[in-house]
Amino acid sequence: DEANELLAVARRAAYAVGSQTVLTGILPTLKQSDLTLDNMVQVPRYRALNDTVIAMRGSDFRLGIKGIDQLDLKHDNLMLEACNTSFQVHFQVSPHEFANLYNIAQAVTGPVMAAAVNSPLLLGKRLWQETRIAVFEHSVDSRSDAHQARGHQPRVHFGNDWIESSVTEIFKEDIARFRIVLTNDVADEEDPFAMIERGVAPPLRALRLHNGTVYRWNRACYGVVDGLAHLRIENRVLPAGPTVLDEVSNAAFFFGLMSSMGQRDDVRDHISFDEVKRNFFAAARDGLKAQQTWLDGRVVPAGTLITDTLIPLAKEGLEASGISGKDIDRYIGTVADRVGAGRTGARWALESIAEMDQKVTLDERLRHLVAATIRNQNTDAPVAQWELADICGSQDWRDSYRTVGQFMTTDLFTVQPDDLVDFAASLMEWKHVRHVPVEDSDGLLVGLVTHRALLRMLARGRDSSGPVPVREIMRPDPVTVPSNFRTVEAIRLMREKKLSCLPVVDDGKLVGVLTERDLIGVAANVLEAQLDSDD
C-alpha cells in the first residue's frame with residue numbers, strides 16, 4: 001500500500017509536466033546522450049562523488065557487456081550509474097546472528113535474482129537478463145589502471161569470502177581497502193566511546209558515509225533510530241518493477257528464505273563461497289535458465305531450484321514469522337506463477353521485441369515496449385499475466401525520427417584505406433549498398449567510397465600498374481554529423497550539399513550512416529500518418 005501510494009504521487013507529478021512513470025530496472029529508451037552531468041540531480045554530494053571518483057580513476061569509464069548483442073562504450077562521468085533503478089530491501093538482524101544471516105543472504109541472492117530479472121536492455125542492446133549488475137560494477141569503478149592490474153577489489157562487488165563472526169569484518173575490510181571519497185564535518189560529534197560509556201548509541205556518521213560509497217550487493221548497514229542502534233542487511237540486487245506486486249513478492253521471497261534458512265545448519269558447511277558467487281553472476285546473465293549449485297551439491301536450472309526447493313522454504317519462513325496464509329499465497333504465489341510461466345520482466349521484454357515487426361526501427365520498437373509496460377502496470381496484473389507488447393498505433397511515430405541516431409543504419413560494412421577497390425566493389429554488390437565508409441585501424445572515419453567513384457574509375461579504365469587501393473578513389477573529407485543531429489537539419493544538409501549518404505560520427509568514431517533509402521522510410525511514415533489522420 002505504501003509503495004502504491006508513493007507511486008501515485010510520482011504519477012501525478014509526472015503527469016503535471018507531460019510525462020509518465022515506468023517501473024523498470026533500466027529504461028529501454030535511455031540513450032547515452034541522456035547520461036550527462038546536466039541531468040544529475042543538483043545535490044553537491046553527487047557532484048563531489050563524481051569529481052572524486054573520476055580523479056581516482058584517472059581515465060574515462062569503459063563498459064563492455066556481451067549478451068545476445070555486445071555493448072562497448074566509453075563514458076566520462078558517473079552518470080552510467082543513473083541507468084540503474086532497484087527495489088532495495090533491508091533485513092534487520094541482531095549483532096550475534098549477523099554473520100550467519102549475512103552468509104545466508106549471499107547464498108540465496110543468486111536464485112532470488114534469477115526469479116526477479118527485469119533489465120535486459122541497455123542503449124538498444126540485448127545484454128544480460130539483469131544488466132544492472134554489470135553496469136553498476138563498471139559505473140562507479142574508482143580503480144586506476146595500476147589498481148586494476150593488481151586485481152584490486154572494485155567498489156561494487158559481491159565479496160570474496162564468507163563472514164566468520166562479526167559485521168566488523170566487513171567494516172574493517174572496506175575501510176582498509178577503499179579510499180574515502182566523501183567527508184563530513186564531525187568536529188562537533190562526541191567521542192563515540194564516551195557515548196557508549198554513557199549508554200548512548202553513537203551515530204558513527206563518518207563510518208556510515210564511507211559505507212555509503214562502498215556498494216556490496218548485500219551491504220551491511222548500521223543505524224540509530226529513537227536512540228537504539230541496529231544492524232541491517234541491505235539487498236541491493238532486486239530491480240524495480242515490473243509491478244509493485246512483483247516487487248513486494250520478490251521481497252517476500254527473499255525475507256522468507258532468510259527466515260527459514262536462519263534456523264538451519266551453517267550454510268558454509270554445505271556450499272563453497274566460490275559456488276555462491278558463481279550462482280550470482282550466472283543468474284544475472286541468464287535469469288531462470290542459469291545453472292545454480294545448491295547446498296546438497298545439485299546443479300540445476302534456477303527455475304527448477306526455485307520451484308522444487310526454494311518456494312517451499314520461503315513459505316515455511318514466512319509462516320514461522322507470523323505472516324498470514326493469505327499474504328503468503330498472494331506474494332509467493334506471484335513468484336511461483338512467474339517462474340512457472342518463465343515470464344520474468346526480462347523475458348517479457350525480450351520476447352516482445354522479437355515478436356514486433358522487424359521492419360519497424362529499433363527506436364520505435366523500444367518506445368512501444370515502454371508504452372506497453374506502462375499500460376500493463378496500470379492494470380496491476382503481475383508480469384506473468386502480461387500479453388507480449390506489440391506495435392500500437394497510438395504512439396507518435398515522429399518521436400522515433402527526431403534525430404538521425406534514432407533510425408540511421410548501424411549494421412555497417414567498412415573498408416580500410418589500403419584495401420583494394422575490388423573488395424569495396426564486392427561489398428557493394430554482396431550487401432546491396434551504394435556507399436562504403438573507410439576507417440583506419442582505430443575505427444576513425446577517414447573517407448567514403450561511393451558507387452559513383454567506382455563508375456568514374458571504370459570509365460577511365462583500370463590503371464595498368466596493378467590493383468588500386470581504396471585511398472585513391474575515396475572521398476577523404478566526407479561531410480559528417482553527430483548522432484543527435486536533428487533529422488530536418490540532416491535533410492536540409494543533404495539537399496544543399498547534394499549528398500546521398502551522410503556518415504554519423506560521435507567522438508571521431510563512425511556509429512552509423514544516413515542514406516537516401518533511410519529518408520524514404522521517414523517519408524513513408526509521414527504519408528501513412530497523413531492517410532491515417534484523413535481516415
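## The E3-E9-E8 sheet

In this predicted model, three strands make up an open sheet ordered E3-E9-E8, with antiparallel pairing; two strands count as paired if DSSP finds at least two bridges between them. Strands, and likewise helices, are DSSP runs numbered from the N terminus (helices H or I, at least four residues; strands E, at least two). Strand E3 (89-93) and strand E8 (218-225) each have a single partner strand and stand at the edges, so one side of each is left without a neighbour in the sheet. On average, neighbouring strands of this sheet are turned by 35 degrees against each other, direction ignored.

E3 is joined to strand E9 (residues 228-235) by five bridges, and the two run antiparallel. Within this pairing, Phe91 stands opposite Ile233 in E9. Helix H3 lies across E3, E8 and E9 and runs at about 20 degrees to E9; axes are lines fitted to C-alpha atoms, for helices over the stretch in contact, and angles run from 0 to 180 degrees between N-to-C directions.

Asp226 lies in the loop between E8 and E9. Its phi is near 55 degrees, a positive value in a residue other than glycine. Asp226 counts as exposed because its relative accessibility is 78%; buried means under 20% relative accessible area, exposed over 50%, and partly exposed in between (1.4 Å probe, protein chains only).

Pro242 lies in the loop between E9 and helix H9 (244-261). The peptide bond from Gly241 to Pro242 is cis, with omega near -5 degrees.

## The nonpolar core

The largest nonpolar core contains 95 residues, and Phe98, Ile233 and Phe253 have the most contacts inside it. Such a core is a set of buried Ala, Val, Leu, Ile, Met, Phe, Trp, Tyr and Cys residues joined through side-chain atoms within 4.5 Å. Helix H3 (residues 98-116) supplies the largest share of this core, 13 residues.

Leaving aside neighbours within four places in sequence, Phe253 is in contact (heavy atoms within 4.5 Å) with Val112, Ala115, Ile306, Leu310, Ile311, Ala314, Ile332 and Val335.

## Packing of H11 and H12

The axes of helix H11 (residues 302-320) and helix H12 (residues 325-341) come within 10 Å and cross at roughly 175 degrees. H11 and H12 are therefore roughly antiparallel to each other, a class that takes angles over 145 degrees, whereas under 35 is roughly parallel, 65 to 115 roughly perpendicular and the rest oblique.

On the H11 side, the contact is made by Gly303, Ile306, Thr307, Ile311, Ala314, Lys315, Leu318 and Glu319, and on the H12 side by Ile328, Ile332, Ala336 and Val339. By class, this contact has eight nonpolar, two polar and two charged residues; Ala, Val, Leu, Ile, Met, Phe, Trp, Tyr, Cys and Pro count as nonpolar, Asp, Glu, Lys and Arg as charged, and the others, Gly among them, as polar.

## The E14-E15 hairpin

E14 and strand E15 (residues 509-515) pair in the antiparallel sense over six bridges, and Pro503 stands opposite Val513 in E15. The two strands form a hairpin with two residues between them, and Asp507 in the turn has a positive phi of about 55 degrees. Five of the six residues of strand E14 (residues 501-506) are buried, so E14 is largely enclosed by the rest of the structure.

## Overall chain and basis

The protein chain has 18 helices and 15 strands, and buried residues make up 49% of its 535 residues.

Residues are numbered from 1 along each chain as its sequence is written, and side-chain values use heavy atoms, with hydrogens and water left out. Local features need pLDDT of at least 70 and side-chain atom pairs count only at pLDDT 80 or more, while totals for chains, interfaces and linings use all residues.
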